[in-house]
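Welcome! Keep the picture beside you as you read.

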Amino acid sequence: MDVAVRTVNLRKTYLSRGSRRVAVTGLSMAVPLGGVHGFLGPNGSGKTTTIRMLLGLVRADSGTAEVFGEAVPKRLPQVIDRVGAIVESPKFFPTFTARQNLVLLAGAIGSPRHRVDEVLEATHLGDRGRDRYSGFSLGMKQRLAIAATLLKDPDLLIFDEPTNGLDPAGIREVRDTMRSLGAEGKTVLVSSHILAEVEQVADTVSIIGHGSLLAEGRVSDILGGAGASGVGQVRVGVASPDRAAQVLQAEGYTLTRDDAYLMVGTDDPSAVTRSLAGHGLYVSELVPVRADLESAFLALTAGEGLGGEADRVAGGRSDGGAS
Ligand SMILES: Nc1ncnc2c1ncn2[C@@H]1O[C@H](COP(=O)(O)OP(=O)(O)OP(=O)(O)O)[C@@H](O)[C@H]1O
């Protein structure tokens, strides 16, 4: 797999008021080249610290990181022109128009003037370029921040929680922008603690908890991954659910009751039908239940003692899923 970003055993401890806090603990992750990669984890799980290490803003205690095959921070100057990032809210002049702000920035970093119009178009701000920044909505401000990162036409974009504080319309605008950048072949690394957010925009994902990797891969594979409760379930409707439950349990299935239905953990629905039919029980309904990232995440973090934090993450779902 061609990768844009790779970390191996990355570790960072902060010293604060005399005590040590391990923020990132042996994190190994890989971000494939091209497309949107979600960097998902509860608040405080080490996402920002990792991003800061990739950008040379924080020095790792140990481990290695590379961007486009170059070790960072040592060889960051070799790749920095290929990287655009929003880690904190960028500063723009409020009384300047969006365009004036970008022209100023383009001049400062040596980008050609025509890039300003291109990046305004790319972030769907083409018709708002002559409006003052101070009159922009939060979503437009965030898109202008993305536009600024695009000025030097980077191959890798790193966005740390880019939809924080946005309303559903703003979230959708930023999400659409990230999607089209990924579809263009750019690599977008986007951190989030909101599961629905990542699920809707990312092709691949790294899930972290307490500073280390819990799962990584295509979103679809993680959703279908074995071993996570709530993943690979079928909802079974049958005339005698109690008896059906006994039969299935005796055959080793794990299941729960959901009103008149049985929720049966399996990746092979037809085997459930066969087992029940073998005992004269005929299913009236058999529906595979598509797990979402939330159940996968909760299942993954449950074993890590992250229940409280995972719950908080799950609570964030409605923020991101409202649009
Ligand atoms: N400058 C710092 N000094 C001391 N501790 C820090 C510092 N920055 C982060 N931490 C701690 O390191 C841990 C990881 O924080 P980090 O900001 O990387 O997580 P995060 O996943 O980005 O969280 P969030 O989603 O809340 O931004 C937290 O416990 C945090 O309190």
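Sorted by class, the shell around the ligand holds two nonpolar, nine polar and two charged residues. Bear in mind as you look that this is a predicted model. The points below start with that shell, move on to one strand, and end with the overall build.

**Around the ligand**

- The ligand is surrounded by 13 residues, and the closest are Tyr14, Ala23, Asn43, Thr48 and Thr49.
- Which element supplies the largest share of the shell? That is α1, with three residues.

- Find residues 204–209, which form strand β9. Six of its six residues are buried, so the strand is largely enclosed by the rest of the structure.
- In a regular strand, side chains alternate between the two faces of the sheet.

**The neighbours of β9**

- Strand β3 (residues 35–40) is joined to β9 by four bridges, and the two run parallel.
- To locate this pairing in the picture, look for Leu40, which stands opposite Ile207 in β9.
- How many bridges join β9 to strand β10 (residues 212–218)? There are six, and these two strands run antiparallel.
- In this second pairing, Gly209 stands opposite Ser212 in β10.
- β9 and β10 form a hairpin with two residues between the strands, where His210 takes a positive phi near 50°.

**The whole protein**

- The protein has 13 helices and 14 strands.
- Of its 323 residues, 40% are buried.
- Among contacts with a separation of 6 or more, 70% are between residues 24 or more positions apart.
- The domain assignment gives domain 1 (3–224) and domain 2 (233–289).
- How far apart are the C-alpha centres of domain 1 and domain 2? They lie 45 Å apart.

Terms used:
Residues numbered from 1 in each chain as written. Predicted model: local features only at pLDDT ≥ 70, side-chain atom pairs only at ≥ 80, totals over all residues. Near = placed C-beta within 6 Å. Nonpolar A, V, L, I, M, F, W, Y, C, P; charged D, E, K, R; others polar. Buried ≥ 20, exposed ≤ 12 C-beta atoms within 10 Å, placed from the backbone. Pairing = 2+ DSSP bridges. Contact = placed C-beta atoms within 7 Å. Domains from an automatic or database assignment.
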